[in-house]
Amino acid sequence: MIELKKYGAIDIGSNAIRLLVANVIEVEGRDSIFRKSSLVRVPIRLGADVFKAKRISEENIERMIDTMEAFKLLMRAHKVVDHKACATSAMREAENGEEVVKIIKKRTGVQINIIDGKDEAAIIANTDLKSLIATDRSYLYVDVGGGSTEFTLYSGGEVVNSRSFKLGTVRLLEGLVGHSTWDEVESWIKEVTKGHTKIDLIGSGGNINKIFKLSGKKDGKPLTYFYMVSFYEFLQSYTYEERVTELGLNLDRADVIIPATRIYLSAMKWSRSKNIHVPKIGLSDGIVKSLYNDKKQPV
């Protein structure tokens, strides 16, 4: 017997807000199957407000309300049985973050949960990440966002250490990341990976997914350090306008992809990784998994 249920995950990031609608297929006698049904992305760059002015602007509050209303209608059309909305770096740093949560709840009925870096890493760990991890290797999982980057070291199939840093693509674009932050990230990565051999990176986030797509590699094949170096140089040889018109990047991707590549490259260099795997998973997938698992728990 097969049963289909749909769940919605709203990821309110510093660069964009996403709605993932996922199909969960329950088959008697087998593990449930998770498949993406629809992904909608709205480029509301909350980080540009918050990292400079410490507040979300009135204009962007209204855009968020419109987005939540649209997402509600889409979820209703998809017959979503349950959903969850999580906000990350920009919302947690905004002085009016909690106020915005209340406004959106009152105007749209959508409850937003502001989560910290550790919660973010834990939700992502709910994904199928463990099925990709070989127990005889170590992996540094790197999730690059607009406001922060989450790092998690896996060894022997288990989490060894994790940390969130205020190192994000929008922050870098705005010139808000000092040398001390880079130094801190470098020291942490070198310290936690010391003594680990055969380290690979696992990358998540919209930018690494786009880099992988542009590479033309088959799913499951990693990108090499040398490819990432050459791709970084390739990107920098184009102007912003050329990255939009000639490389076909979206306007809100064409600028952040360069600092994102720098973060992944730096993490590879400091962890001595030769390869980066791109499994196309992220916070939205983790939200769906956690929602489903909560539903399955006996009351």
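1. Let's start where two helices touch. Tyr225, Met228, Val229, Phe231, Tyr232, Leu235 and Gln236 of helix α9 meet Ile257, Ile258, Thr261, Arg262, Tyr264, Leu265, Met268 and Lys269 of helix α12. Sorted by class, this contact of α9 with α12 is made up of 11 nonpolar, 2 polar and 2 charged residues. Please keep in mind that the model is a predicted one.

2. How do the axes of α9 and α12 cross? Helix α9 covers residues 225-236 and helix α12 covers residues 257-271; their axes come within 10 Å and cross at roughly 155°. Angles over 145 degrees count as roughly antiparallel, so α9 is roughly antiparallel to α12. The crossing in which α9 passes α12 is left-handed.

3. Now to the sheet. It is open, with 5 strands in the order β3-β2-β1-β4-β5, and its pairing is mixed. At the edges are β3 (33-42) and β5 (112-114), each of which pairs on one side only. On average, and ignoring direction, neighbouring strands are turned by 25° against each other.

4. Strand β1 (residues 2-12) and strand β2 (residues 17-27) pair in the antiparallel sense, over 11 bridges. To find your place there, look for Leu4, which stands opposite Ile25 in β2.

5. Which helix lies across these strands? Helix α2, residues 58-78, lies across β1, β2, β3, β4 (82-87) and β5. Helix α2 runs at about 20° to β2.

Note on methods. Residues numbered from 1 in each chain as written. Predicted model: local features only at pLDDT ≥ 70, side-chain atom pairs only at ≥ 80, totals over all residues. Heavy atoms only, no water. Axes fitted to C-alpha atoms, helices over the stretch in contact; angles between N-to-C directions. Helix = DSSP H or I, 4+ residues; strand = E, 2+ residues; numbered from the N terminus. Parallel < 35°, antiparallel > 145°, perpendicular 65-115°, else oblique. Left-handed = near helix turned anticlockwise from the far one by under 90°. Contact = heavy atoms within 4.5 Å. Nonpolar A, V, L, I, M, F, W, Y, C, P; charged D, E, K, R; others polar. Pairing = 2+ DSSP bridges.
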